[in-house]
Amino acid sequence: MKSIVDFSRWEEKIDHYPLFRVDEIGSMEACPAQVKFLRLAYPQLTDEVITQLKEIPRVVVILTTAHQNGVGEQRAFFHALLNADCRVPVVLQRSYAEDEAEDIQLKGGVDFGTVLLDGFGNGIMLSNDGNINITDLDAYAFGILQAARVRTSKTEFISCPSCGRTLFDLQTTVALVQKHFSHLKHLKIGVMGCIVNGVGEMADADYGYVGAEHGKISLYRKKQLVAKNIPQAEAVEHLIQLIKDHGDWIEPEVN
Ligand code: SF4
C-alpha cells in the first residue's frame, strides 16, 4: 500500500508521496519525492500554473471539481492542457456521500466514465463519505476503469440480457462460467442465450458460450464456430480444453 499525504505532513520515505495545494506550488520543484501530486481544479489552472506543470518533473495532477457540471468542467481542464501542449498526467477525483452501492456505481460510472471515454485522464480517485466499505469502493473504481477500457483487472464477461429465445437459465449459467474462468484476467468471454443474435452481440469476445438448441451449447473463438451442439453438462469442460488448446489457459492459484 502506498500513501499520498499532505505536503505539510510528508516525510521522505519509500512509498510515501506528497500532495500539494496550488498555493504550495512554489515548494514543489525543490521537493525530492519521486512523484509529487498537485490537487487542482479548473478555475485554478492559470497560465502560471501551466508553466510550472510543464517545467517541474514527476508531477501528477489530482483534478477535483465542485462545479454543478463537473464533467463539463473537467473536460474544459483537459482542453486547456491540450491548447497549452501540457502533457502532465491527471487523476480524476470525485467525492460522494452515498450509502447505497448502486447510487455510487451509477454516479461514479457517469462522472468518471464520460471523461475517460473522451480519452482524458490517467487514473481515478473515488472518495465517499457514506456507509460503503473501502474494499467495495476499490472494486467499483477498478470496475469503472475496466468498463472504460483504461485498465483490465479481471476477466471480462459479456452476457446477453436474455429474452424469449434464451436456451438455458442465463443467471446460473453465467455464474457457472464465472466460477471456472474468472482467473483468466486477460480474456473476454461471452455467454449468450442463442445463436440467432448472440454471436453478433459478443463480437469482441475472445471465446463464446452460446445456446445452440435446448440442452446444447456451441463454442466460439473470435466469432468462429469451433464446437457445435455440445451437451450443456459438458460445455464448460470443452471450453476449458478449447482455451488450453489455444495457449490462453492459466491454472488458477490454489489458496
Ligand atoms: S442473444 Fe439471443 S437469447 Fe440473448 S437476448 Fe439476444 S436474442 Fe435473446
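The following questions and answers concern a predicted model. Residues are numbered from 1 along each chain as its sequence is written. Local features need pLDDT of at least 70 and side-chain atom pairs count only at pLDDT 80 or more, while totals for chains, interfaces and linings use all residues.

Visitor: What order do the six strands of the open sheet have?
Guide: Strands (E, at least two residues) and helices (H or I, at least four) are DSSP runs, numbered from the N terminus. Two strands pair if DSSP finds at least two bridges between them. Strand 1 (3-6) and strand 6 (123-128) are the edges, each pairing on one side only. With parallel pairing, the order is 1-2-3-4-5-6.

Visitor: Which residue of strand 6 does R94 stand opposite?
Guide: Strand 5 (residues 90-96) runs parallel to strand 6, joined by six bridges. R94 stands opposite L126.

Visitor: At roughly what angle do the axes of helix 3 and helix 4 cross?
Guide: Axes are lines fitted to C-alpha atoms, for helices over the stretch in contact (C-beta atoms, placed from the backbone, within 7 Å). Angles run from 0 to 180 degrees between N-to-C directions. The axes of helix 3 and helix 4 (residues 134-147) come within 10 Å and cross at roughly 35°.
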